[in-house]
Amino acid sequence: MAAAAKAGEATLRHAFGNVLSFFILLLIGVLAFSIRLFSVIKYESVIHEFDPYFNYRVTQFLTKNGIYDFWNWFDDRTWYPLGRVIGGTVYPGLTLTAGTIWWLLNSLNIPLSVETVCVFTAPIFSAFASWATYLLTKEVKGAGAGLTAAALLAMVPSYISRSVAGSYDNEAVAIFALIITFYLYIKTLNTGSLFYATLNAIAYFYMVCSWGGYTFIINLIPMHVLLCIVTGRYSSRLYIAYAPLVVLGTLLAALVPVVGFNAVMTSEHFASFLVFIILHVVALVYYIKGILSPKMFKVAVTLVVSVGLVVCCAVIAILVALVASSPTKGWSGRSLSLLDPTYASKYIPIIASVSEHQPPTWPSYFMDINVLAFLVPAGIIACFLPLSDASSFVVLYIVTSVYFSGVMVRLMLVFAPAACIMSGIALSQAFDVFTRSIKFQLLRILGFSEADAGDGSSANVVPENDAVKVDKSEETIKERPSRKNKKKEKEQMEKAQAEKTSAKSKTEKRLLVLPMELSVIGLLLLVFMGAFYVVHCVWAAAEAYSAPSIVLTSYTHEGLHVFDDFREAYAWLRHNTEVDDKVASWWDYGYQTTAMANRTVIVDNNTWNNTHIATVGTAMSSPEKAAWEIFNSLDVKYVLVVFGGLVGYPSDDINKFLWMVRIGGGVFPHIKEPDYLVGLLLLFVETDGKGFDRVRRTEIGKKYFKLTHFEETVYLENFLPHYIYLLTVITRQRGREQAHPAQKEADHERRILGSRK
């Protein structure tokens, strides 16, 4: 009766814990969604940044024309006169996801606009990512650590920066796909279920559809499989977790047009195939070991290893032959930039010119993950107590993501989930130790025995018992071929080992009891740390990451000023120019010009054609006459230039000017960077009058001149004398003598970006 009563009490406690966990997860999802709405509350429901405008335009086309037209869409409004095949050059996961949500809502008679769905896609998937983090961490260290990690991820500033309302970029859904893929891999590794293995391949396929960062997954998982093999942790569960992922996942990845045969032809994927072969060799060795005598086993192993080495060498030779002809050895430019941080600056300046491809500073770690940076080491230590296949995977995840985040600031986004998982484990373990110590001390003060205290904390040894079960399951599967012959002996050994491990874990738990005062202080420090983290995250979401780059604000003694010049300039283009007019600008503004002004652009943010971008960079860094000739050859009618010196906007074209020179000089040798420098660091400007550039902290360039090949069309009020202005290429269809009256005069050695009124 007593045993039945205890069992019933345990079942009730378990059911209550599940219900409580469900409501906590629901609140975490609400928190993840609501904390990302500051941009809508403070500004309006608007698409942010640059790339999201292209994704929004593509989603509009998908919802209007359907999936088949989307796959075959040739966009003649970008990269004039080349154009771009949209269906074969984009990762369609984000677009298809938002389009499906829009279709479902309209099917339910909820008439939301495409823009509204795009704005709120990222906050919705941030809630999904938090729940996926709970599932992943729970597989590693239990439900307590999972809930803590989910709450941390819901608020972490690094993830908020790319998932606020309006941030309609690939990472909005890709981080969820990344975490759920890792969860299903760990789940398959713990259970050996082919069902979860199939779901894992499907999740990987969704990740491939969503973001080019899928190569991180297809390299991290093989690294973990190889680590398990080297450390003697091979099991059939490992085989089931990995083999279907490589076979089915690669076949599905090849169905994505932007990936295609790159899934089997590029160096980023070769590690997975090599580990796939090694895994089969090891699996064959274990199988032979189970059916042969020790003497025959040695002979068979020699044969298998010899054949395996030959096959591996043949595969490596084929791979080397495939990539030998490529200047980059089959690696993409971004991948080489991660492996060699100096590669982009030496050979591909277009990659190095992107701000999010720069290495982060140390303060950016504190800004983006805050106190988690101090909890990660404790979480790594906790993963080794005890070490399992799941915990070794998250350790490998945190180590690799730390390296990549140190190379490219954009990859702080990949590091953030790993930091939250490790910090969740550390906080959960610390809270476990402190509360158990307080309970133990209180029970001892009240006169209860030490055994009662141990029984009261029996729930805290679940992770260790789970680890024992995992080890038992692993040994059972390892010995499956000879299970009939050794069943009784094996059961006795397992029972003895389980009792020994359980006794050892209880002893270790008893050693972790801390004094009452230290435990209370530790709990107060944890609460203070959590409060500080929450305050920082709310501030980051409300102030640092909520402002859309399309709308700018500043505070003066008169109050808040809003600068809406970008949208006003694009609206002017849309209403005052012809539909087939061509607009030239630096590539940053290409997506916005096409989406908001509906005009044809020469280059945009896709940056797939370095020569085309170099041509625009050469025009921007050339004298007026030479610039006119380049733009005229491209059939350009308007040039968009951004100047932020009046109000202190730092991301203007003058700050990007040296990149125009470098990229242009990489293709056209007559453009040399030293010609634009004084000493080593200063951009050359002439000063002959009053006027101050608030960004560069110097007088602006030559101001008293008259344009002869261009005509200034419009400049906007907030950025007087210049913020965004459009220069019309005059007399484009007239003869050369009429088009160039200034040819009779001396050529003015002034540049479009260096000349200011």
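How many of the five residues of strand S7 (residues 638–642) are buried? I will come to that strand in a moment, but let me begin with what we are looking at. This is a predicted model, in which local features need pLDDT of at least 70 and side-chain atom pairs count only at pLDDT 80 or more, while totals for chains, interfaces and linings use all residues. Residues are numbered from 1 along each chain as its sequence is written, and side-chain values use heavy atoms, with hydrogens and water left out.

The secondary structure of the protein comes to 32 helices and 13 strands, where helices (H or I, at least four residues) and strands (E, at least two) are DSSP runs numbered from the N terminus. Of its 757 residues, 49% count as buried; buried means under 20% relative accessible area, exposed means over 50%, and partly exposed lies in between, with a 1.4 Å probe and protein chains only.

Now to strand S7, where five of the five residues are buried. Tyr 638, Leu 640 and Val 642 point one way from the strand, whereas Val 639 and Val 641 point the other way. S7 pairs with S5 in the parallel sense over two bridges, given that two strands pair if DSSP finds at least two bridges between them, and Ala 584 stands opposite Val 639 in S7.

In the loop between H30 and S7 we find Asp 635, which has a positive phi near 65° although it is a residue other than glycine. At 28% relative accessibility, Asp 635 counts as partly exposed. In helix H30 itself (residues 624–633), the residues Glu 624, Ala 627, Trp 628, Ile 630 and Phe 631 are buried. Seen down the axis of H30, these buried residues fall within an arc of 165°, so they line one face of the helix; the arc is that of the directions from the helix axis to the C-beta atoms.

Let me turn to the aromatic rings, of which there are 26 pairs. Rings of Phe, Tyr and Trp (its six-membered ring) pair if their centres lie within 6.5 Å, and planes under 30 degrees apart count as stacked, over 60 as edge-to-face and the rest as tilted. Phe 50 and Tyr 589 form an edge-to-face pair, at 6.1 Å centre to centre and with 75° between the planes. Phe 50 lies in the loop between helix H2 (38–42) and helix H3 (51–65), and Tyr 589 in the loop between strand S5 (582–584) and helix H28 (590–597), so the pair ties together parts that are 539 residues apart in sequence. Tyr 589 is buried at 0% relative accessibility, and Phe 50 also counts as buried, at 18%.

Tyr 185 and Phe 393 form a tilted pair, 5.3 Å centre to centre with 50° between the planes. Tyr 185 lies in helix H9 (residues 171–191) and Phe 393 in helix H21 (residues 389–407), so this pair ties together parts that are 208 residues apart in sequence. Ring pairs also link these two into a cluster whose members include Phe 182, Phe 216 and Tyr 397.

Finally, two peptide bonds deserve a mention. A cis bond joins Tyr 80 and Pro 81, with omega about 0°, and another cis bond joins Leu 385 and Pro 386, with omega about -5°. Pro 81 lies in the loop between strand S1 (74–75) and strand S2 (84–85), while Pro 386 has its place in the loop between helix H20 (372–383) and H21.
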